[in-house]
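Please prepare a careful briefing on the structure shown below, with the strands, helices and chain contact grouped by topic and the cut-offs stated.

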Amino acid sequence: MRWLPLLVLVLVVSGCGLPRDVDGSLERVRGGALRAGVTDNPPWTEVGDGEPAGAEVELVERFAAGLGTRVEWRRGSESALVTALGNGELDLVVGGFEEQSPWIEQASLTHPYADGHVWALPLGENAWQVEVERFLLALPEGEVDRLTGRP
Amino acid sequence: MRVRDRFELPPDKAALHRRAVRLEWWTIAFFAAAVALLAVTLGQSQAMKAAWIEDMLGLVPPAAFLIAARYRDRPPDARFPYGYHRSVSVAFLAGSVALLGLGGYVVHDSLTRLLAGERAPIGLVEVLGVQVWLGWVMIAVLLVTMAPAILLGRIKLKIARQLHDKVLYADAEMNRADWLTAGAAVLGVLGIGFGLWWADAAAALVIGGDIVRDGVKTTRSAVANLMDSRPQVVGGREPHPLPGRLLAAVLDHDWVADAWLRVREEGHVFVGELLVVPTGEDGLLERLEDLGRWARDFDWRVHDLVVVPVTRIERGPAEG
């Protein structure tokens, strides 16, 4: 086991591009489209007859623009969307979810932003998750309140 | 002849034992700190929950050792006429079962994760205002908890052999199991970083198998111990050389025509019966008492040896 520290060192040095995705979500989103699920939960998300709206919808659009890609929206119930996320049909789901959401086993929740709000991501897509979390944590102070129209 | 004799370790062994007690207190402090650290830093992750349960099981052998250390050298009393040495054997069994349980848990946990195709999400954390991938933090915590386990385990293994202390041995094995699983978890987290979702569970499965093997070995040895098997060396199944040497030395006495010895292990010490066939009856009582004292001085492990004179010894067919 004397070689173990050396092995760890080699892995750490070679691992500066970590983490990577299991299914390559980040690359696919960059090269194609961001497949986003949205469920109605004003003021975070508003799903009417037209295009989805709301603070998180706005944030997802802005995030996609930053990656140089477009968003394909899919409407549905929370459970249907989380199932689709687990099947690899979606890259993220928004709907004003909070940290203590019950389906943590089937989806990965982001680092909380704006008073414990989270987005739902597929499990194991860690490069993708880190990219999303960097975006959420970099939001300027008060930006989310301005979007939701909260005092 | 003195009955209800209190057993004391020889001075050099007693010093070793005091060192072992100190080491075990350090072990408890270390595991308690690790349990707290893991609980605080890595709350929700399943893999870290496993590491947490492992550290809690790691508290069992040192606790068993320390409890046995309080009882082992009490003099025999009316309730326990054979004394309390066996408390060490009981502690050995407790420690071994904990080791086996740990192995079983690691194997079960990693197999379920592997079969379910579970993918571990590891995102960002903010440490002192800096955003870091949580995987690096996990690896750092795991490496920090590995170092003391390696050191403690190595020192204990050495003392366990010199002291003929099998609880300490089981605990050293537990420390080895602990740093091996932590090492496996480091590789697993790195594997997850490389996008290999199965790496974590696969590494844990290999290490779990190794711990189960150790657990089975020590549990068998502990049960054999309580079944009064012939004494075995620490950490192996080979017979201990002392009973053979003692019998040969008894037969070297010129007034002993034949002799038969049966001993069992009670913790640190060996206890049993010695049958001798004397060549004559001149001063036999004194000779027998002298022989008993001589046997106790022969080695510090020989403690409670009953010397019985007989006219002849008929050996059974199964005796070698």
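In chain A, strand β1 (residues 33-38) and β3(A) run parallel and are joined by three bridges, where strands count as paired if DSSP finds at least two bridges between them. Helices (H or I, at least four residues) and strands (E, at least two) are DSSP runs numbered from the N terminus. This is a predicted model, in which local features need pLDDT of at least 70 and side-chain atom pairs count only at pLDDT 80 or more, while totals for chains, interfaces and linings use all residues. Residues are numbered from 1 along each chain as its sequence is written, and chains are lettered from A and ligands numbered from 1 in the order in which they are written.

**Strand β3 of chain A**

**Helix α3 of chain A**

- Helix α3 (residues 55-67) of chain A reaches 19 Å from its first C-alpha to its last over 13 residues, close to the 18 Å expected at 1.5 Å a residue, the expected span being 1.5 Å times one less than the number of residues.
- Its buried residues include Val57(A), Leu59(A) and Phe63(A), and the buried residues of α3(A) pack against β1, β2 (70-75), β3, α5 (126-137) and α6 (143-148) of chain A, contact meaning C-beta atoms, placed from the backbone, within 7 Å.
- Just after α3(A), Gly68(A) takes a positive phi of about 70 degrees.

**The sheet of chain B**

- Three strands of chain B form an open sheet with mixed pairing, in the order β3-β4-β5.
- β3 (256-266) and β5 (302-309) of chain B stand at the edges with a single partner strand each, so one side of each is left without a neighbour in the sheet.
- β3(B) pairs with β4(B) (residues 269-278) in the antiparallel sense over 10 bridges, with Ala259(B) opposite Val276(B).

**Contact between the chains**

- The contact takes 17 residues from chain B and 20 residues from chain A.
- α6(B) gives the most to the side of chain B that touches chain A, with five residues.

Note on methods. Two residues are in contact if their C-beta atoms, placed from the backbone, lie within 7 Å. A residue is buried if 20 or more other C-beta atoms lie within 10 Å of its own, exposed if 12 or fewer, and partly exposed in between; C-beta atoms are placed from the backbone.
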